[in-house]
Amino acid sequence: MTDIKIWKHFNRESLYECYQCARCTGSCPAMEVAPAFGPRETILKCLGLGHERVVEDERVWLCCTCNVCEDRCPQKIPICDLLVALRNSAARRGNIPGRLAMAVELLAKTGRSMIVHQLDGMRAHHGLAPLPAAPVDELRKILRKAGLQQVIEF
Amino acid sequence: MRYAIFLGCAIPIKYPGFEAVTRLVCERLGIELVDLPFSCCPPSTSLKLVHYDSWLALAARNICLAEEQGLDILTLCSGCVNTLKEANHVLKQNEGKRRRINRILEDSNHCFQGSVNVTHILDVLYQDSVVEKIIKEKVRDVPLRIGCHYGCHYFRPPKVMYPNELSDAESYVPVRMDHLLSIIGVEPIEYSRKFLCCGSPLGANIDLEAGYAITRQKLGYIQERDIQAVSVICPSCFEQFDMGQIVLAKKSKDRIKTPIFYLTQLIGLAFGLSPKDVGLDVHRVKARKLLEETSIGW
């Protein structure tokens with residue numbers, strides 16, 4: 001599989017704006033509970049070792065996507081764009097957590113992020129009509145044209 | 001006032017009670033809701049991380065459905081509003097991306113124009129004209145001490161979610177839920193690290209235990225104050241706190257003690273609906289004892 005052009009999604013020059021103050025990492029909830037890189041180390045690794053070393057590591061996925069890092073950054077580096085681009089690149093190389101891969105496959109196959117089970121009974125309990133099925137054929141056509149099969153088979 | 005209602009996935013599938021009470025509350029407030037054949041939003045916590053273009057294309061399709069009816073989109077979930085607002089923002093600003101996405105959508109006869117806005121139920125209820133109606137429709141107070149949890153994706157990144165309301169530090173501190181709840185007799189209580197994540201995306205994507213570790217932290221900050229219940233505006237945050245307390249109690253003998261409410265359930269109670277009418281009977285952390293101690297009862 002071909003990699004994505006990561007610096008098209010995030011201006012590489014912005015990495016040099018970082019003076020490693022670690023406000024981002026100090027406010028990162030994932031850092032407190034898991035062996036995540038945190039944004040500071042992610043940026044440092046991209047600069048020092050190249051982004052390949054980051055996207056090949058499964059720890060790149062230890063993130064809440066809460067965006068607090070970008071909010072706190074005194075240099076206003078668009079950290080979230082960097083993290084999205086890095087994970088897109090990781091996924092393209094087959095580095096994608098099992099739970100997340102299953103969720104995306106479900107989305108591509110059913111048009112919904114959750115498994116629909118015993119749904120009508122639950123909805124009827126609250127006086128609601130059954131949920132209409134998602135237009136799966138149309139959605140799959142869009143996802144194929146967008147290129148999702150480069151990452152996940154569906 | 002007329003909106004295309006965007007239910008998302010978690011609400012109609014896991015928590016249809018939130019949908020039901022929101023429809024009832026909107027009807028009382030004269031807000032007309034139109035159902036369209038929307039799909040998953042899709043989440044900025046899953047598909048966007050894996051394949052950005054697929055994420056943007058599906059979001060664009062959802063926005064197009066509303067554009068074709070000339071309606072703004074009303075979401076009920078912090079995740080959905082994040083995806084649809086950001087996609088709308090990106091596609092309006094970036095001509096290259098708009099052209100690329102419209103080429104993907106042309107086979108299904110959609111074309112993104114950039115003609116509608118995306119909003120969240122909290123922001124709709126917060127409008128002056130709606131607040132006036134809430135005051136008129138209110139038949140009783142909801143006398144509870146409540147901590148609000150907004151959900152990260154409701155307001156971050158602020159430059160996309162609330163570009164016109166940024167502070168000097170280019171940040172945004174949400175207050176609308178606290179203000180709105182004080183109208184219906186709730187006493188909103190501040191607590192430490194109010195804007196800490198609930199832990200849901202980390203748990204859902206990669207590490208369930210680590211996700212619940214954040215939830216436990218956050219519940220700790222809430223429970224060290226004199227807070228009787230929590231109000232949320234996102235089904236994922238709701239599940240993380242409601243189901244999370246059951247899971248954490250099994251694992252570490254934490255006490256199950258903080259009922260979680262979805263915002264419109266509290267508004268529904270103030271409008272005179274019963275706890276069962278607003279769907280509180282299916283919550284894992286039971287609110288019965290708490291409400292029986294108040295004038296609302298069960």
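Here is a short chat about a predicted model.

Student: Hi! How are the residues numbered?
Tutor: Residues count from 1 along each chain as its sequence is written, and chains are lettered from A, with ligands numbered from 1, in the order in which they are written. As the model is predicted, local features need pLDDT of at least 70 and side-chain atom pairs count only at pLDDT 80 or more, while totals for chains, interfaces and linings use all residues.

Student: How much of chain A is buried?
Tutor: Of its 154 residues, 44% are buried, meaning 20 or more other C-beta atoms lie within 10 Å of a residue's own, with C-beta atoms placed from the backbone.

Student: Switching to chain B: at what angle do H13 and H14 pack?
Tutor: Helix H13 (residues 208-223) of chain B meets helix H14 (residues 235-252) of chain B at about 100°, with axes 10 Å apart. Axes are lines fitted to C-alpha atoms over the stretch in contact, and angles run from 0 to 180 degrees between N-to-C directions.

Student: So what do we call that arrangement?
Tutor: H13(B) is roughly perpendicular to H14(B), a label for angles of 65 to 115 degrees.

Student: Which residues of H13(B) make the contact?
Tutor: Tyr212(B), Thr215(B), Arg216(B) and Leu219(B); contact means C-beta atoms, placed from the backbone, within 7 Å.

Definitions and conventions
A residue is buried if 20 or more other C-beta atoms lie within 10 Å of its own, exposed if 12 or fewer, and partly exposed in between; C-beta atoms are placed from the backbone. Helices (H or I, at least four residues) and strands (E, at least two) are DSSP runs, numbered from the N terminus. Angles under 35 degrees count as roughly parallel, over 145 as roughly antiparallel, 65 to 115 as roughly perpendicular and the rest as oblique. Two residues are in contact if their C-beta atoms, placed from the backbone, lie within 7 Å.
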